[in-house]
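I opened the notebook to keep a record of what I looked up, one topic per entry.

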Number of protein chains: 2
Amino acid sequence: MHKQQGTVGLVLSEKNQQGKSMSTTLSEMTESTSNETADAVDPVALVTQCGKQARACAATLASADTAQKNLALLSAADAIDAATDALLQANQKDLASAKQGGISAALLDRLELTPARVASMSKGLRDIAAQADPVGALSASEKQASGLEIARMRVPLGVIGVIYESRPNVTADAAALCLKSGNAVILRGGSEARRSNAAIAACMAQGLAAAGLPEHAVQLIGTTDREAVAAMLRLEDYIDVIIPRGGKGLTSRVSQDAKVPVIKHLDGICHVYIDEGADKDQAISIAFNSKTYRYGICGAMETLLVAEAEAQAVLPELCQKLSGHGVELRGCERTQALVKDVALATEEDWATEYLAPVLSIKVVNDVNDAMAHIAKYGSGHTDAIVTSDIARSRQFVREVDSSSVMVNAATCFADGAQYGLGAEIGISTNKMHVRGPVGALGLTTEKYVVTGDGTIRH
Amino acid sequence: MHKQQGTVGLVLSEKNQQGKSMSTTLSEMTESTSNETADAVDPVALVTQCGKQARACAATLASADTAQKNLALLSAADAIDAATDALLQANQKDLASAKQGGISAALLDRLELTPARVASMSKGLRDIAAQADPVGALSASEKQASGLEIARMRVPLGVIGVIYESRPNVTADAAALCLKSGNAVILRGGSEARRSNAAIAACMAQGLAAAGLPEHAVQLIGTTDREAVAAMLRLEDYIDVIIPRGGKGLTSRVSQDAKVPVIKHLDGICHVYIDEGADKDQAISIAFNSKTYRYGICGAMETLLVAEAEAQAVLPELCQKLSGHGVELRGCERTQALVKDVALATEEDWATEYLAPVLSIKVVNDVNDAMAHIAKYGSGHTDAIVTSDIARSRQFVREVDSSSVMVNAATCFADGAQYGLGAEIGISTNKMHVRGPVGALGLTTEKYVVTGDGTIRH
């Protein structure tokens, strides 16, 4: 068993015990997690060891004081601010390797840390510290005929595994949300971000140490071996839930192989439906914003549905605005009859999450037709109606089975921070446990607390 | 594809359309689901067809009025009362076959319907009708800086699969809870109860018809082929959650093979800890009740933990009472020193759910020692403390990670009806989604409802 090797938390704590300064250990660490060293470690043994260590400290975290958890978050935020230069240096090395490896511009953008992005990470930690602690909340109790008082207490899930790709900020966000919700976390980031992730994890470890919380509360798996991911997915005894954070390829691989429950979304095929009688300016503004705010986010609109009654009033102007912004349009025949230079949308278009400046457009008869389309092609992520009619608004809200249903708002708002969750560890289109953006609350569950007075059952 | 064969709901509706009386079709049906007929059906095709039919009616059920769902439940209750004789006859045939097959007395008891048990089923349906409808409840909305109002609406999960063994009452309970919570349900009962289950499902179908709800809202899989269970477990597209209801063998088989999420508990290794300074009479009464109320229920105490300070005062008297009641005692050495004729408990005893008149007893140092034992050997089901000390009570409640944690109450209360849920579809020791007894609320989830006023993201 490779006991004290390969996880950043461990390496760091060992170094700390030897009294070295953080800046030294940080640079050593970001070197020591390079491929050659890490791949010498048996990934299954390493991940199992991480799992055991996480499970061993879960009870301590579950009963940690709110003040203690917040101190860890605030100290980690300070550590990130203080280590900004070191983080940027580590990130520069990741970026250099990635460029050598020839990765895409989009991936490079996700991987890059800037002073502003580092500041935004530490602000995220402070925001999460400022939020209410979900753990320990006790519901109103209901008294039963037996005399028993039945209540429910909110408690952590235990150990969370997070598997992500190139964004280094996930290291801070995920660790902070797990910590706030009293869970231990095992992080497995993409190999291209390994130096950045290690540097951020070192700051989290400083925060834990400052608050006297267990060092294994946040563990970053320090091997880039893919077998480590496979091992995490099978670690039912030590990991309570896996959250994949990344592209569809990662997510579907994870859900295919996982024995541990998975909180995830696969696709964000989001719709905006412009209802009969909708305010024209609102309709155009919401549709344009939903598509163009950012093309690559899962809450971006991919298909626009327009009630026949509004199509003529709305589509030509909206399409001109979208085309002028560089959005490629594909539409049904009724759309083509109203707007020039629109390619015919295929069956595949309705089922595609473009994540790009492409939009499919369909003229529908009415709200029922729109909802039927959403039920058939939607991914249960986020769907919006633009309407002035209260009955159809209520109908849409009740009957559309998506994790977020919106009225007169842009789908690009589908985001934990925008929902007041401080940050999100992901967005769930699961039906079980939690749907929509997942913050600290979504990482907890409830247990029953039953109180009697010597009560026995007759 | 064997379209209209093998599911009771279908057979029944077809017969109804031909205008035959229920009593005729009932008797035909209970004959036609005998092994020979059923096994001619391709089980995978049959289950897939059931899944598609369930999914197709899920949206209708999700938006069904509370009054309509309650009418279905009350009509089904009336149908059960009216069909009592037919149910008992169908059950007699099941019992006769089961006796021929040589099944155990315990299984026969579970299989048997009596007039009282039939009455209790219809009462259960009326109780569930009388409960609040969880579906459609909208949380308080929180306004964000963007102007968005964020709320959560409670919605059904969609399609529930229930796999159970010999108790026919599960057919009524599970169907009723799924219906109340707006879910379609696919039921797969044990082959030994097939005639009883078909007769009960026919009554549920009458209730659905009376309320104008879709006939496929409740489907009983009419084949006893084991491959049907395997097919259900893989039906991710059509079943949202599987609930196994039965012994450990069934449950572990289901969780091993399921691709669909599973709500379950494997073991009920429940503990009662008698704390230092506990009221002696309460301690004896709660421990005795927790063990002897019914040996075979998952909430029965399997291990008694006694603080050293109370062992001498409590154990001799309690053990005499338990032995006098026919309970076999196995204890640690400190227990043996205080009580005669106690066998030495082995490591295996601490980890065993006896479900029988056997109890393991351990003298522990204090509450921390007790909680360490529970963390090591418990199954996260139900654990109780008997104490007069408020600090240790709070500590036990916060730190014991079980689906139900009890204070001064007997573990045998762990039951949906006792918790005010009306009935239960099972007890969950999962960490995800729902823990403890699962009623209608546990069969729902929440989606976000986001309301703006033409709100776009900047």
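**Notebook: strands, helices and contacts**

Entry 1, between the chains. I began with a pairing across the two chains, where Ala409(A) stands opposite Thr455(B) in strand 16 of chain B. I noted that 5 bridges join strand 13 (residues 404-409) of chain A to strand 16 of chain B, and that these strands run parallel. Helices (H or I, at least four residues) and strands (E, at least two) are DSSP runs, numbered from the N terminus, and two strands pair if DSSP finds at least two bridges between them.

Before going on I wrote down the conventions: this is a predicted model, in which local features need pLDDT of at least 70 and side-chain atom pairs count only at pLDDT 80 or more, while totals for chains, interfaces and linings use all residues. Residues are numbered from 1 along each chain as its sequence is written, and chains are lettered from A and ligands numbered from 1 in the order in which they are written.

I then looked up the whole contact, which takes 56 residues from chain B and 57 residues from chain A; two residues are in contact if their C-beta atoms, placed from the backbone, lie within 7 Å. On the side of chain B that touches chain A, at least two residues each come from strand 2 (149-156), helix 13, helix 18 (390-399), strand 13 (404-409) and strand 16 (444-455) of chain B. Strand 16 of chain B gives the largest share of that side, 11 residues. By class I found 23 nonpolar, 21 polar and 12 charged residues on the side of chain B that touches chain A, where Ala, Val, Leu, Ile, Met, Phe, Trp, Tyr, Cys and Pro count as nonpolar, Asp, Glu, Lys and Arg as charged, and the others, Gly among them, as polar.

Entry 2, the open sheet of chain A. I looked up the strand order and found an open sheet of 4 strands, 5-4-3-6 (chain A), with parallel pairing. Strand 5 (218-220) and strand 6 (241-245) of chain A stand at the edges with a single partner strand each, so one side of each is left without a neighbour in the sheet. From one strand to the next the twist averages 20°. Strand 3 (residues 159-164) of chain A is joined to strand 6 of chain A by 5 bridges, and Ile160(A) has Val241(A) as its bridge partner in strand 6 of chain A.

Helix 4 (residues 43-62) of chain A lies across strand 3, strand 4 (184-188) and strand 5 of chain A, at about 150° to strand 4 of chain A. Helix 12 (residues 248-257) of chain A lies across strand 3 and strand 6 of chain A, at about 160° to strand 6 of chain A.

Is Ala58(A) buried or exposed? Ala58(A), found in helix 4 of chain A, is buried, with 23 other C-beta atoms within 10 Å; a residue is buried if 20 or more other C-beta atoms lie within 10 Å of its own, exposed if 12 or fewer, and partly exposed in between, with C-beta atoms placed from the backbone. Leaving out residues up to four places away in sequence, Ala58(A) touches Gly158(A), Val159(A) and Ala184(A). The C-alpha atoms of Ala58(A) and Gly158(A) are separated by 5.7 Å, although these residues are 100 residues apart along the chain.

Strand 8 (residues 301-307) of chain B runs parallel to strand 11 of chain B and is joined to it by 5 bridges, with Val306(B) partnered by Val363(B). Strand 9 (residues 328-331) of chain B is also parallel to strand 11 of chain B, through 4 bridges, and Gly331(B) stands opposite Ile361(B).

Helix 13 (residues 280-292) and helix 14 (residues 308-324) of chain B pack at an angle of about 35°, with their axes 10 Å apart. By class, their contact has 8 nonpolar, no polar and 4 charged residues.

Notes
Axes fitted to C-alpha atoms, helices over the stretch in contact; angles between N-to-C directions.
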